[in-house]
Amino acid sequence: MLEAKNITFRYGNDERDILQDFNFCLSPGERKGLLAPSGFGKTTLCKILAGYQRPDQGVVLLDGRPLYPFKGYCPVQMVWQHPEAVLDPRMRMKATLAEGKVDAGRILPQLGIRREWLERYPHELSGGELQRFAIARALGQDTRFLLADEISAMLDAVTQAQIWQFLLHELAARNTGLLTVSHSESLLKQLCGENVLYLREKMD
Amino acid sequence: MQSRTPILEIKNLGVSFTRYTGLLSRGHLDVITDLSLSVHPGEIVAVIGASGSGKSLLAHTILGILPHNATVRGQLVYDNTPLTPQRAAALRGHEIVLVPQGVTYLDPLMKVGGQLAQGKTDAETTGRVSEILSMFGLRDRTKDLYPFQLSGGMARRVLIASAAMEHPRLVVADEPTPGLHMEAAQRVMGHFRELAKGGAGILMITHDLELAIATADRIVVFYAGVTVEDAPACNFRSASTLRHPYTRALYRALPGNGFVAAPGTHPYPGTIEHGCPYAPCCTDASPACAGPVPYRKAGQGYVRCVLQGGFPDA
């Protein structure tokens, strides 16, 4: 069980809290969607749940134990919206994958990753190809919860369906929990059914 | 209010790049091989393509801002006269305007009013600035703000407002609504609709088929350097009124239309020598797909597919 309790967070000396007393929980194998307008703090929430960012107040618990002093591979993995920003530009793709303890022989063909791409650097691949690697890297054998932050927003419809069909199958087989963030209501309904959180609308 | 003569007509456009493949050897890379479309006054035409399909190059070609190593083939006609790079240079910013993808295109050191007026301070221009701000639902005091003081939505409206300043006749919008949820995206597209009602032709380049269906009049599907289908947006209400297998795969891949993942990945530029680029992925492919495939008229649009029967010409 992944739980966030009473999370409050603001950036620097911003005037307002981006998250205030926020509570959330995700069970193994559960799929939950989050729909919120831009600027709500969806990415911030994912960063806090994955341990990249500490909240000002509150706590994130994994099976009842605090996530933060965690050593080694974090069982909560996040996939980001812009893969080009989270893959080391000076590492070949095979070295990037090696970071994630991935069952490459099984996962790479299913994600449509071609063997020759492994020898390349990030700038030699398109956004959709890079996103396949970013997903593969997050699917290490010890991953128990996956946080997907707008991972298919920049993809065409066919590529989006390919990546999600693979992920749904893979996560179900491993009983991995999924939080997916998107601005597309139709996508969230498709992925999570009625299990979608709608967060407050903020106007310009 | 559509008129018969298109404001922009593109026939068999090809864009290729010369590049060095070795120390002394040069090669050509075809990124756009055969693209045809037309935009009429008052019409919103969406070009749908995957990332890396070269669709942004279309915008650069129309505006005449391709790099020096690019070669252009085919016909570009703007307002009944060939659109040369020289003519594009004279028209861009006035009759032909680009709405870029990123809000970072605003000058961070210049107030909104100054950017809209482009340095002019005469009464007519300042009047037009106020008029255009209110047209896009922005308060008059917005002209005294710097870009960092704008929210994302306001910045986007300022970008469109600056395109509308000089009563453009052709607006090229490259991914105008990235990362916006449908409601906000439709609000943005409403502003383009206003420009179209004023008589401008709008060419929107995007990967977002749902948005195109919701907001455009016509949809042109671009795949691996060629236009495979051109159809009225209403044809996209069901797969049965779509003609090209790739278009139908796109339609069925939408969440809500089945979320079906057709196999195969988008080929690299230059790897398709001839024939239909979708043939390697197509379940209906036949030997004829390897030969030349004409872009033929079908119903109210066009399709590039060897399959003849079976699809209604409605």
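How much area do chain B and chain A bury between them, and what share of it lies on carbon and sulfur atoms? In this predicted model, the two chains bury about 2300 Å² between them, with 53% of that area on carbon and sulfur atoms. The size of an interface is often given as the accessible area lost when the parts come together.

**The interface between the chains**

Counted by residues, 27 of chain B are in contact with 28 of chain A. No salt bridges are counted between chain B and chain A, whereas seven residue pairs, both members at pLDDT 80 or more, are in polar contact across the two chains. On the side of chain B that touches chain A, the elements giving two or more residues are α5 (152-164) and α8 (245-253) of chain B, and α8(B) gives the most, with four residues. The make-up of this side of chain B by residue class is set out below.

| Class, side of chain B that touches chain A | Residues |
|---|---|
| Nonpolar | 16 residues |
| Polar | nine residues |
| Charged | two residues |

**The sheet in chain A**

Within chain A, four strands form an open sheet in the order β2-β1-β4-β5, and their pairing is antiparallel. The edges of this sheet are taken by β2 (19-26) and β5 (65-66) of chain A, each of which pairs on one side only. Strand β1 (residues 2-9) of chain A is joined to β2(A) by five bridges, with the two strands running antiparallel, and Glu3(A) stands opposite Cys25(A), a residue in β2(A).

Note on methods
Residues are numbered from 1 along each chain as its sequence is written. Chains are lettered from A and ligands numbered from 1 in the order in which they are written. This is a predicted model: local features need pLDDT of at least 70, side-chain atom pairs count only at pLDDT 80 or more; totals for chains, interfaces and linings use all residues. Side-chain values use heavy atoms; hydrogens and water are left out. Contact means heavy atoms within 4.5 Å. Buried area is the accessible area (1.4 Å probe) that two parts lose on being put together, summed over both. A salt bridge is a side-chain nitrogen of Lys or Arg within 4 Å of a carboxyl oxygen of Asp or Glu. A polar contact is a pair of N or O atoms within 3.5 Å; within protein, one must be able to donate a hydrogen and the other to accept it, and residues adjacent in sequence count only if both atoms are side-chain atoms. Ala, Val, Leu, Ile, Met, Phe, Trp, Tyr, Cys and Pro count as nonpolar, Asp, Glu, Lys and Arg as charged, and the others, Gly among them, as polar. Two strands pair if DSSP finds at least two bridges between them.
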